Structures are given as C-alpha cells and as structure tokens.
Amino acid sequence: MIMARIFNFSAGPAALPEAVLQQAADEMLDWHGSGTSVMEMSHRGKEFMGIAAQAEADLRELMAIPANYKVLFLQGGASAQFEMIPINLLRGKGAADYVHTGEWAKKAIKAAKAFGNVNVVASAEDKAFTYAPAQASWKLDKNAAYVHYTANETIGGVEFHWTPDTGDVPLVCDMSSNILSKPVDVSKFGLIYAGAQKNIGPAGLTIVIIRDDLVGHAQPTPPAMLDYKTHVDAESMYNTPPTYAIYIAGLVFQWLKKNGGVAAMERQNIAKANLLYDYLATTDFYRNPVRKEDRSRMNVPFTLKDAALDEEFLKGAKSRGMAQLKGHRSVGGMRASIYNAMPVAGVEALVAYMKEFAAQKG
Ligand SMILES: *Cc1c(COP(=O)(O)O)cnc(C)c1O
C-alpha cells in the first residue's frame with residue numbers, strides 16, 4: 001500500500017478511486033493470466049473486446065440507458081463533440097438553440113457557429129454566469145435542430161439540479177463534469193457527452209450516449225471520423241480506440257456498482273458539497289458567488305477575502321496533503337473539485353484547514 005496519496009482537488013484530469021488504481025497496478029504486467037498488460041492487447045482480440053463490452057454493459061446499468069440509445073467510446077474530448085454535435089445534428093435545419101452559462105457553454109457556442117446558425121436562447125451573462133437560467137426564461141424555437149446546455153460549469157461552479165424539458169426538440173447535454181454523480185433520466189436526452197477525465201477515468205476517452213434516431217442524418221455527409229454513424233456501425237472500433245482509458249473507466253464503473261451506484265454517489269456528493277457550502281455560509285473570509293440553488297456539487301470555487309493570501313493558503317494546503325486547489329485563471333481564488341472519487345475525509349480535511357487559516361488571518 002502506497003501511503004503518499006494526497007487529497008487531490010484537481011478539476012481534471014482528476015483523482016481516481018484508490019481501489020481502482022490499486023487493481024490496475026495489480027493487473028499491470030499480467031492481465032487475468034493473459035501474460036500482457038491491457039495496453040499491449042489488440043483492440044480486436046477477445047480479451048480487449050470483453051473489457052470494452054463489460055464497460056459498456058456496466059455504464060448502461062449504472063445510468064439505466066434505454067435500449068434505443070447507443071453508447072460510443074470516442075476520442076477528441078468534449079471539444080471534439082462541440083463540433084461533431086452541430087455537424088451531425090443540424091440535419092439541414094435552420095438553427096440550433098444554446099444556453100449560455102459560462103466558459104464551457106461559450107466554447108460550445110463558438111464551435112457550433114462554424115457549422116450553422118446558433119440562437120443563444122438564455123444566458124447568465126447578466127450576472128457574471130453565477131446562476132442557471134430557469135427554463136421559463138429560455139426563448140426556445142420549436143423548429144430548432146436541438147437544444148444544447150452544459151449540465152455543470154466546471155470553471156464557474158454552476159450546476160443544473162434539474163433536467164430541462166424541450167419537448168420534441170432533442171436535448172443535448174455536456175455532462176463532462178457531473179456525469180455519474182447522480183441519477184439522470186437518459187430518456188429525456190437526445191445526446192449526452194462527457195470527457196472521461198473529470199468524473200470517470202483517464203483523459204483520452206470521450207463518452208457519447210446518443211438516441212438511435214439521431215444517427216445517420218447528417219447533412220452534408222461528414223468525414224467518416226466525424227460521423228456518429230461510422231462509430232455506431234463499427235461499435236466504437238472503426239479505428240483503434242483508447243484501450244487503456246476504456247479499461248480504467250470500466251474499473252471505475254465496477255467500483256461505482258460495488259459502492260451503491262449513482263444513487264449512493266448522489267447522497268455522498270450532497271454530503272460533501274454541504275460540508276463546504278455550510279461552512280462558507282458561516283464566514284465572510286471566503287466567498288462563493290454562485291446562487292445558492294445552482295451551486296455545483298462537483299466544483300466549488302471560492303475566493304479569499306484578500307487575494308494576497310492565496311499563495312500562503314495554497315502552500316499551507318499542500319503541506320497538509322491537499323493539492324490542486326488553485327482556481328481557474330479566469331476566476332482566480334480557489335476551486336475544490338470534489339468528484340465521486342474524492343472521499344468525505346478529503347473535504348473534511350479541507351474545511352478544517354479553511355477554518356484554521358481563517359482564524360489565523362481573519
Ligand atoms: C473539461 C470540460 C470540457 C473540455 O473537455 P476536453 O476533454 O478538454 O475537450 C468541456 N466541457 C466541460 C463541462 C468540461 O468540464
């Protein structure tokens with residue numbers, strides 16, 4: 001057992017469950033008697049095909065993904081999806097609707113504009129992206145090709161704690177930083193996508209869950225690699241997939257199942273987030289600008305009363321075994337990312353340190 005593990009609050013690539021890393025270490029040189037590591041296997045051999053099939057089956061079970069949805073294991077990150085979504089889903093329609101909630105929504109909007117008309121149907125820009133706009137304020141177009149929103153703004157710390165209802169217009173969701181953190185009703189979505197490196201596994205794997213009627217209607221026909229149909233037809237094996245990242249994601253899915261699935265994760269994530277937000281409510285030494293009901297359970301940004309203390313705060317945290325708390329450069333201050341793999345003890349240690357630091361400097 002390695003005892004030098006720290007509490008890693010990185011926004012992504014983020015901490016993985018220690019049990020998963022331990023199992024991967026145990027299986028590194030010889031996976032299940034195969035005499036090779038997973039990294040060295042043919043993606044078309046029966047061992048790896050089994051690993052990938054199990055990972056998909058476990059993800060389907062965890063998220064209760066209906067049979068009429070395809071699960072794809074792709075590459076290119078959420079950023080490639082910012083482009084593949086308009087390329088595939090505009091389907092010759094006039095425009096797509098986007099909800100603007102911060103840095104990641106902004107990137108998705110900018111990318112989509114290269115392929116068609118984008119209507120920003122709601123925006124939280126009026127209050128510096130500190131809230132999730134209520135659906136009643138969305139100016140939806142019933143002829144839109146799809147409606148896109150960002151379920152959790154990883155940088156701003158704003159999360160939708162409800163699922164929009166867009167009727168017959170497909171709902172498309174960037175779930176990169178809160179997928180598997182709570183139960184969601186997949187049948188409400190046309191497409192869900194997530195880069196793995198926040199709440200699933202290593203960077204390099206991107207998960208796409210797409211309703212099957214949305215596959216194969218791109219206009220004009222895209223280059224093969226950018227066409228969902230290519231990857232659906234080839235069952236994510238059109239070319240070499242990110243095999244090791246799929247294997248680790250599969251171990252994470254098994255770890256989730258062993259630990260009560262997404263319902264148990266939600267309970268634990270609420271408890272962890274409450275530890276931080278309840279403390280923040282008692283102090284004016286630290287500040288989180290996000291509207292209470294929209295605060296993220298995954299990424300908790302906060303600023304210190306005096307930014308001149310930031311470096312000292314980070315240094316003290318590091319000496320207590322807590323790392324990667326520095327906030328995003330566009331926001332400043334701190335950010336504690338507390339995904340599924342962050343144990344309650346990590347958040348408790350952080351809150352204890354925040355109290356101590358505030359008492360010393362306040
Ligand atoms: C990290 C992140 C992205 C970008 O992911 P890449 O894999 O780097 O392309 C997009 N959206 C959200 C919400 C993210 O957290």
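Which side chains meet in a salt bridge with 3.7 Å from N to O? Legend 1 has the reply, and the legends after it visit other parts of this predicted model.

**Legend 1. A salt bridge joins K326 and E311.** The side chains of K326 and E311 meet here, at 3.7 Å from N to O. Distant parts of the chain are linked by this pair, whose members lie 15 residues apart. K326 sits in the loop between β13 (322-323) and β14 (334-337), and E311 belongs to helix α8 (residues 310-319). Both K326 and E311 are exposed.

**Legend 2. K182 and E159 form a salt bridge.** Here the N to O distance is 3.1 Å. Look for K182 in the loop between β8 (171-174) and β9 (191-195), and for E159 in strand β7; the two are 23 residues apart and link distant parts of the chain. Are these residues buried or exposed? K182 counts as buried because its relative accessible area, 13%, is under 20%. E159 is buried too, with a relative accessible area of 0%. In the whole structure, a search finds 14 salt bridges.

**Legend 3. K188 pairs with D185 in a salt bridge.** The closest N and O atoms of K188 and D185 are 3.1 Å apart. K188 is partly exposed, at 43% relative accessibility. D185 is partly exposed as well, with a relative accessible area of 37%.

**Legend 4. The largest nonpolar core has 57 residues.** In soluble globular proteins, nonpolar side chains tend to be buried together. Within this core, L180, I209 and F253 touch the most other members. Helix α6 (residues 243-258) gives the core its largest share, 10 residues. At least three residues come from each of domain 1 (22-258) and domain 2 (260-361). To explore the surroundings of I209, set aside its neighbours within four places in sequence: its contacts are then M63, I65, Y69, K70, V71, V186, G190, L191 and I192. There is also a second, separate core of 28 residues, including V300, L304, F313 and M342.

**Legend 5. Domain 1 meets domain 2.** The domain assignment of the protein chain places domain 1 at 22-258 and domain 2 at 260-361. Their centres, taken over C-alpha atoms, are separated by 27 Å. The contact takes 25 residues from domain 1 and 25 residues from domain 2. Together the two domains bury about 2,100 Å² between them, with 55% of it on carbon and sulfur atoms. T130, I155 and H161 supply 23% of the area that domain 1 buries against domain 2, more than any other three residues. How many salt bridges are counted between domain 1 and domain 2? The count is zero, while 17 residue pairs are in polar contact across the interface. On the side of domain 1 that touches domain 2, β7 (158-159) and α6 each supply at least two residues. The largest share of that side, four residues, comes from α6.

**Legend 6. T154 lies in a loop.** You can find T154 between β6 (152-153) and β7. T154 counts as buried because its relative accessibility is 4%, under the 20% cut-off. Leaving aside neighbours within four places in sequence, T154 is in contact with A11, W104, S177, N299, R335 and Y339.

Terms used: Residues numbered from 1 in each chain as written. Predicted model: local features only at pLDDT ≥ 70, side-chain atom pairs only at ≥ 80, totals over all residues. Heavy atoms only, no water. Core = buried A, V, L, I, M, F, W, Y, C linked by side-chain atoms within 4.5 Å. Buried < 20%, exposed > 50% of the residue type's maximum accessible area, 1.4 Å probe, protein only. Domains from an automatic or database assignment. Contact = heavy atoms within 4.5 Å. Buried area = accessible area lost by both parts, 1.4 Å probe. Salt bridge = Lys/Arg side-chain N within 4 Å of Asp/Glu carboxyl O. Polar contact = N/O pair within 3.5 Å; in protein donor to acceptor, adjacent residues only side chain to side chain.
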